[in-house]
Amino acid sequence: MVLREGDLAVVWIDPKRVYLVRLEKGKKLDTDRGSLPFDNVIGREYGDFVEISKGRAFIMYPSLDYIYDGLHRPSQVLYPKDIGYMIFKSGIRPGDTVVEAGTGSGFLTISLSHFLGPSGKVISYDVREDMQERARKNLELVGLLDRVELKLGDVRENIDEVNVDAVFLDMPDPWLATETVYKALKPSGSVVVFVPTVGQIEKTFLSLRKNGFVDVEAVELILREYQVKENATRPRSIGVTHTGFIITGRKSIKGSSEIGE
Ligand SMILES: C[S@@+](CC[C@H](N)C(=O)[O-])C[C@H]1O[C@@H](n2cnc3c(N)ncnc32)[C@H](O)[C@@H]1O
């Protein structure tokens, strides 16, 4: 596919120098390996190499994991291993409507809106305007802002929407939002919560059980990266070693979750 002005591309120089860019005529990417004028990229194809002063850059079609190389993240963000499971467990489908809190840097928002497609909608709440401004810029850069509504608000107090397909929470005290989440969801809709510490699991889990959610589960996903070298292939000794825990549940109609364990 021939690259045109306005296209998004990943510039890969080496594993430590990976950049997400929007191609604009007359602009360039500056790196410690040299500059890359975008005029030299426009007209090429994804998969091509372009010369820079200290080597060459590989131009890639962006997949979602490059948001980790190209976007600002003022908050802690969710990682692909957790996001993948969260989306899978939620049961959402392209075209669905989901509510999310908090927006943070917008990494989960981007993943959700990408997955839901052009007919889907993410309504994303945050109590901090500065976070939403950053998330707005990130969403704009990757071209997904039109699938997202950013709302300033505290989901512990209120969620405007009703009958939504799923609610995703990544905030410090999600157990205080289980009642508002219950009201926002359609019957059998999913709640998917991410928490970074063990103490938060119990409070969230028990609050969900008390407030009408069934099939409540808590899991941790562990991912190990490998360094691959001849005669030295082994798990990497550095990297992200802990992310957090995921708690999922489904809204029951009757409002009582005291059914089974
Ligand atoms: C860890 S960040 C979310 C990161 C986000 N999932 C991502 O992947 O970029 C947590 C966010 O929750 C917001 N927050 C905290 N309490 C909230 C509440 N009661 N309602 C809405 N947002 C809240 C914070 O302002 C913060 O921006």
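These notebook entries record what I looked up in a predicted model.

**Basis.** I number residues from 1 along each chain as its sequence is written. Local features need pLDDT of at least 70, side-chain atom pairs count only at pLDDT 80 or more, and totals for chains, interfaces and linings use all residues, while side-chain values use heavy atoms, with hydrogens and water left out.

**Helix pair.** I took up helix α2 (residues 80-90) and helix α3 (residues 107-116), which pack at an angle of about 45 degrees with axes 11 Å apart. Helices (H or I, at least four residues) and strands (E, at least two) are DSSP runs, numbered from the N terminus. The axes are lines fitted to C-alpha atoms, for helices over the stretch in contact, and angles run from 0 to 180 degrees between N-to-C directions. The two helices α2 and α3 are therefore oblique to each other; angles under 35 degrees count as roughly parallel, over 145 as roughly antiparallel, 65 to 115 as roughly perpendicular and the rest as oblique.

I then listed the contacts (heavy atoms within 4.5 Å). From α2, I83, M86 and I87 meet F107, L108, S111, L112 and F115 of α3.

**Ligand.** I found 23 residues surrounding the ligand, the closest being L78, F107, D126, D154 and D170; a residue counts as near if one of its heavy atoms lies within 4 Å. A polar backbone atom of L78 is 3.1 Å from an oxygen atom of the ligand. For L108, a backbone N or O atom lies 3.2 Å from a ligand oxygen atom. A polar backbone atom of V127 is 3.5 Å from a nitrogen atom of the ligand.

**Backbone.** I noted a cis peptide bond between A101 and G102, with omega about -15 degrees. G102 is in the loop between β7 (97-101) and α3. S188, in strand β11 (residues 185-195), has a positive phi of about 75 degrees although it is not a glycine.

**E225.** I located E225 in the loop between β12 (213-219) and β13 (226-227). Not counting residues up to four places away in sequence, E225 touches P235 and R236.

Definitions and conventions:
Polar contact = N/O pair within 3.5 Å; in protein donor to acceptor, adjacent residues only side chain to side chain.
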